[in-house]
Amino acid sequence: MSLSAAALWVLIGLLAAVTLVARNLFLVLPPRWQPRGAVEQALRVAPLAALLAITVPEIVRDLPLRLAAAPGWGAGALAVATDPRLAGALALLLVVRLTRKSLWGLVAGASVYLGLLALAG
Amino acid sequence: MLRTMQPALRRHPVRWRAFRLGARCVVPSLPAMAAWGLVTGVAMVKVGLELLPALGMTFIVYSGTSQLTVLPLLATGTGVLAMAAAAAVANLRFVVYSALLSRHLRRVPLALRLGTGFWTIDGPVAAFMQQQRRGPLVQRVAFLNGANALTAAVWCGSSVAGIALAAVLPLGAELAYIGLLALFGITVPLLAGRPAWAAAAASVAVALAGADWPHRLGTFAAVLAGVAAALWAGRGRGPR
């Protein structure tokens, strides 16, 4: 790392400012700038959209490689079904939908993921 | 902050109850926070940050998104302003969160509004929206701050643990993925109703298309696409 100590603290200050501005932008704007009506309703899905945008690309990250390495439909299907990341996420999804408990879903998802990783050696 | 808030909260039982409810509701997202905090702490030390700057990043910046964006750039000798700009782009989804929260925090004094906005991150926002779907929520600021306080404690605690244990802990792709699974776990209960499913489909499609875009621009584009899809799917319906 080539940054001096002073530059590093400047960076930390700038990052804190960036965080403060991003998280407060609409909280300090005049009320007429604040979203209302249909837009405000639609914004309720923002956390869902953000969390899916962060997680899904990571969940399916290895699939193209696994599919490319598997010749034919049968091998491809097996490669998808045994992908540890995807199988873990699907197990979590199933358990959360059935039990409505995220923690149980995490236990199931992590177990399937680590189990398949161990099997794959 | 929590120590100064607590006596005031205790004098106001309804507010105190909302604060504790917020803390309870955010519990499912805590494994994700713990895993990501640990991974971020280890990553900061591995990239060459010394103890004080690493603690500064944890407690002053308080943004895993910013930290994980600039850490690879620190290693490559990128300029300070370029790193701040990259973090600003990566943080754009929080601008959308601030728009979402603006109505709820409108009448709150400025200092409390800024403080609450600063430490409100994904888990507490998700818990807040989920609780709102269950019915009218009283003392919304106290609820948010209850969720924020516990989230911040877990994030900072695990990040410090990562900094302290970096020498003995491997970076751990497995741990990072389990943290991601935990985030996915708090996402699943939010999938209810036509606008939510439309938002999910649009967000996933754009996120996959933009997975390789720089500075997490794909994430921001996916959030915008999700909100636009929810707007489209909810047209003609009154407020619920």
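The C-alpha centres of domain 1 and domain 2 of chain B lie 23 Å apart. The structure is a predicted model. In the domain assignment, domain 1 of chain B covers residues 2-172, and domain 2 of chain B covers residues 191-240. Contact between the two domains of chain B involves seven residues of domain 1 and seven residues of domain 2. On the side of domain 1 of chain B that touches domain 2 of chain B, α6 (80-90) and α7 (92-105) of chain B each supply at least two residues. By class, this side of domain 1 of chain B has five nonpolar residues, one polar residue and one charged residue.

Chain B has 13 helices and zero strands. Along the principal axes, the C-alpha atoms of chain B fill a box of roughly 50 × 50 × 35 Å. Of the 240 residues in chain B, 52% are buried. Among the contacts in chain B with a separation of 6 or more, 75% are between residues 24 or more positions apart.

Chain A has seven helices and zero strands, and its pattern along the sequence is α-α-α-α-α-α-α. A compact globule of 121 residues would have a radius of gyration near 14 Å, but the value for chain A is 22 Å. The C-alpha atoms of chain A fill a box of roughly 60 × 50 × 30 Å, taken along the principal axes. Buried residues account for 36% of the 121 residues in chain A. Of the contacts in chain A between residues at least 6 apart in sequence, 32% join residues at least 24 apart.

The two chains touch each other: 62 residues of chain A are in contact with 80 residues of chain B. On the side of chain A that touches chain B, at least two residues come from each of α1 (5-28), α2 (37-43), α3 (46-59), α6 (84-99) and α7 (102-120) of chain A. Helix α1(A) gives the most to this side of chain A, with 17 residues. By class, the residues of the side of chain A that touches chain B are 45 nonpolar, ten polar and seven charged. Helix α1 of chain A also packs, together with α5 (64-75) of chain B, against the buried residues of α6(B). The buried residues in α6(B) are B:Met83, B:Ala86, B:Ala87, B:Ala88 and B:Ala90.

In soluble globular proteins, nonpolar side chains tend to be buried together. The largest nonpolar core of the model has 110 residues, of which A:Ala46, A:Ala49, B:Leu181, B:Ala199 and B:Val227 touch the most other members. Helix α3 (residues 30-46) of chain B gives the most to this core, with eleven residues. Because domain 1 (2-172) and domain 2 (191-240) of chain B both give residues to this core, the core lies between them. Leaving aside residues up to four places away in sequence, B:Val227 touches A:Ala42, A:Leu43, A:Val45, A:Ala46 and A:Ala49 of chain A, and B:Val96 and B:Ala199 of chain B.

B:Tyr62 is in the loop between α4 (51-61) and α5 of chain B. The phi of B:Tyr62 is near 45°, a positive value in a residue other than glycine. B:Tyr62 counts as buried because it has 21 C-beta neighbours inside 10 Å, and the cut-off for a buried residue is 20 or more. B:Gln139 is in the loop between α9 (122-134) and α10 (140-164) of chain B. B:Gln139 is not a glycine either, and its phi is positive, at about 55°. With 19 C-beta neighbours inside 10 Å, B:Gln139 counts as partly exposed. In chain A, A:Val60 lies in the loop between α3 and α4 (63-69). A:Val60 has 17 other C-beta atoms within 10 Å and is therefore partly exposed. From C-alpha to C-alpha, A:Val60 and A:Ala87 are 10.0 Å apart in space, while in sequence they are 27 residues apart.

Notes: Residues numbered from 1 in each chain as written. Chains lettered and ligands numbered in written order. Predicted model: local features only at pLDDT ≥ 70, side-chain atom pairs only at ≥ 80, totals over all residues. Domains from an automatic or database assignment. Helix = DSSP H or I, 4+ residues; strand = E, 2+ residues; numbered from the N terminus. Nonpolar A, V, L, I, M, F, W, Y, C, P; charged D, E, K, R; others polar. Buried ≥ 20, exposed ≤ 12 C-beta atoms within 10 Å, placed from the backbone. Core = buried A, V, L, I, M, F, W, Y, C linked by C-beta atoms within 7 Å. Rg over C-alpha atoms; globule rule 2.2 N^0.38 Å.
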